[in-house]
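Here is a short briefing to read beside the sequence and the model. It goes topic by topic.

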Amino acid sequence: MSIDDGLSRRLFLARLSALAAGATGSALLPGVASAATTAPPTLVDVDAPDGATTDPTSLTVAEAATLIRRGKLTSEELVRACLERIEGYDSLFQAFNLVLADAALARARQLDGSSPRTALHGIPLAIKDNYFSRGVRTTANSFIFADFEPPYDATALSRLEAAGGVMIGKTQMGPLATTRATTPAGVITTVNAWAPDHPNINPGGSSTGSATATATGMALSSVGTQTGGSITAPSNAQGLTGLKPTMGRVSLHGIIPLTFTRDHPGPIARDAMDCAIMLTAMAGPDPADFRTLGLPQLPDLTRAATPVRQGGQTVLRRRTRIGVTPDFLASSNPETAAARRSYLDALAGLRHATVVEVPLPAEWDLLTGTAFNNVRLPERTEPFREYLRQDLQLFGVSVLNWLGGLLLSGDEYLTGQRAKVVMFERVMDEVFDACDVVVQAQPVPFDIIGLPEIGFPIGLRAATSDTPVLPIGTILGGQPYAEDRLLEVVAAYQDVTDWHRRRPELPPAPAASAAPRAPSLAPARLSALEAARIGQ
Amino acid sequence: MADVAAPTDDELDALIEARLRLVGVDLAQLPTTEDPTTGSPTREEALTYLRSVLRNTAVTLSGWSPPPDDPALAQQVAPPALYPSSTDAWTGRGLA
């Protein structure tokens, strides 16, 4: 009998679906992904700092979930607090496209009537508006999807809700997930939580609204997508911790594509533990997305994000070599360079940590530069060809990248895919031969080759006459499917520092202000050429 | 390599418009002046950007190949992979 006898593709897929449905006790509908996870997540109790319970919006996911499990806080109280924050401030921050107040409160009351056995039970979450939400408008901030109501949820969203998460709203984003959040026509919307009066200060894109919502307490955590830095950049800009997992860790089924081979869904949260809880809920095999199948099992991320102390001192859970590339300390901004040095000193001071110098692989600047980065363009064009034929103005300010994808030849696209293999091999052989995790001066290289990254705060930039206090962030990259190692390092760092606990000071709520706010003069919109240049 | 004259802006514009028309995309849909309602670029801005893609991206990609320099040997390495990190997991390390 030949190897392909007896197991047709149809039967193979049916078995996969049955396995997934069996795990949830529900049948799979066509096009509807499973909410199965591979193993029940570890529930970790985290005590809230003194005084934090007076403002539940300031809690981390882990702290709030612990209070809910102990009967000290209800989901309805928590959701109401976030909704009040939204009502008071979203006219200023413009983090949301759509607020689902009634649905969120109804879901919270429903959850309050059941035993809290899941890690996200009753936690309000902000969802980027490129995740399908069944029957709820999903626009990706584009004219194209202005009236689109998906027939099913994105797999990642259904998993978050199965874990007890409460979708409080859909967030502002760069049009089609390209730039910082703007209207489809390029008018700047969401502002940085630390600088609401300075719309010219970049809040990070394209998961801007998710980050601003999390930083301002409009939600306790959120999800974004990263193709060229769109989880780590807004996390760095707004003092948050964001985890872009390895390609395939989280299903892309039901997420509007920007670049098939580089889109990564992941959490934007307040610390490493919250990233662990969120990613544990989102991750896992999905029969509707082959990229999630046949991969290493998800490690126990909440364990990884739990700091280890020995003899009263924080230690790394495992011996870990932290690689530093030559470009990392070469920042032209002295405050950034100083923060990076202090960060490396803090890491070097952790037992079981070794900071080592590692080289940048050969041809690094070339293979991560604009031309090779542009290999992504045909991937955004291909699924949108019909819209390009219909009306170019449907793409608003973002059209240029989509037109550019029509001009690269097939052989040039393949050259780009071969370059990815060369880059991946060089990173594995030349960088990860000498270290377990590596600092990142910018996120794009690991987006190109699908490796995990975590962005988190390491300092604050002092206020100047023109700018307020702003967070300084950094990025750490890891080996394929080794998100646990990244979380171990960041959890230990966050156990010995408090940058992740710094919150932006909210101004008086606009409705209560005696005088109208006066934003500084700033570019009110992005041009199409700017959008093409800076888009992820 | 043969000494080939670089194309002019006019030649590239003709190439761009023909390529787009070939697949049913019409740059004439873009405005001739700024349109704040849609944020669309002008047709001239689009051509400027697209010429840049051809002159920089296409030329750079076309001029690169994996090492070694001998093209007969370069053919033998780095077969294209859309998902290198996933492929690494699926195959058990080692793509080249």
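A salt bridge here is a side-chain nitrogen of Lys or Arg within 4 Å of a carboxyl oxygen of Asp or Glu. The model is predicted, so local features are reported only at pLDDT of at least 70. Chain A and chain B bury about 4600 Å² between them.

**Salt bridges**

- Over all chains, the structure holds 25 salt bridges.
- Across the interface of chain A and chain B, the rule finds zero salt bridges.

**The interface of chain A and chain B**

- Interface size is often given as the accessible area lost when the parts come together.
- Here the buried area is about 4600 Å², and carbon and sulfur atoms give 67% of it.
- Q393(A), L407(A) and R418(A) supply 16% of the area that chain A buries against chain B.
- Chain A brings 61 residues to the contact, and chain B brings 52 residues.
- Polar contacts join 20 residue pairs between the two chains, with both residues at pLDDT 80 or more.
- Which elements of chain A give two or more residues to the side that touches chain B? They are helix 11 (364–368), helix 12, helix 14 (385–390), helix 15 (399–404), helix 16 and helix 19 (528–534).
- Helix 16 of chain A gives the most to that side, with 15 residues.
- By class, the side of chain A that touches chain B has 38 nonpolar, twelve polar and eleven charged residues.

**Cavities**

- How many cavities of 30 Å³ or more does a search of the whole structure find? The search finds four.
- The largest cavity holds about 90 Å³ of space.
- Its lining has 13 residues. The closest to the centre are R262(A), F372(A), V375(A), K420(A) and I448(A).
- Helix 12 (370–373) and helix 16 (410–431) of chain A each supply at least two residues of this lining.
- Helix 16 of chain A gives the largest share of the lining, four residues. Helix 16 also gives the most to the side of chain A that touches chain B.
- The lining of the largest cavity divides into six nonpolar, three polar and four charged residues.

**Backbone points to check in the viewer**

- G205(A) and S206(A) are joined by a cis peptide bond, with omega about 0°.
- S206(A) belongs to the loop between strand 3 (165–171) and helix 6 (208–215) of chain A.
- In chain B, a cis peptide bond joins P67(B) and P68(B), again with omega about 0°.
- P68(B) lies in the loop between helix 2 (43–62) and helix 3 (71–74) of chain B.
- Is phi of Q94(A) positive or negative? Phi is near 50°, a positive value in a residue other than glycine.
- Q94(A) is found in the loop between helix 3 and strand 1 (96–99) of chain A.

How values were computed: Residues are numbered from 1 along each chain as its sequence is written. Chains are lettered from A and ligands numbered from 1 in the order in which they are written. Side-chain values use heavy atoms; hydrogens and water are left out. On a 1 Å grid over the protein atoms alone, a cavity is a set of points where a 1.4 Å probe fits but cannot get out, and a pocket is an open set with protein on both sides within 12 Å along at least five of seven lines; lining residues have an atom within 4 Å of a point. Grid points are joined across faces, edges and corners, and a volume is the space filled by probe spheres set on the points. Ala, Val, Leu, Ile, Met, Phe, Trp, Tyr, Cys and Pro count as nonpolar, Asp, Glu, Lys and Arg as charged, and the others, Gly among them, as polar. Contact means heavy atoms within 4.5 Å. Buried area is the accessible area (1.4 Å probe) that two parts lose on being put together, summed over both. A polar contact is a pair of N or O atoms within 3.5 Å; within protein, one must be able to donate a hydrogen and the other to accept it, and residues adjacent in sequence count only if both atoms are side-chain atoms.
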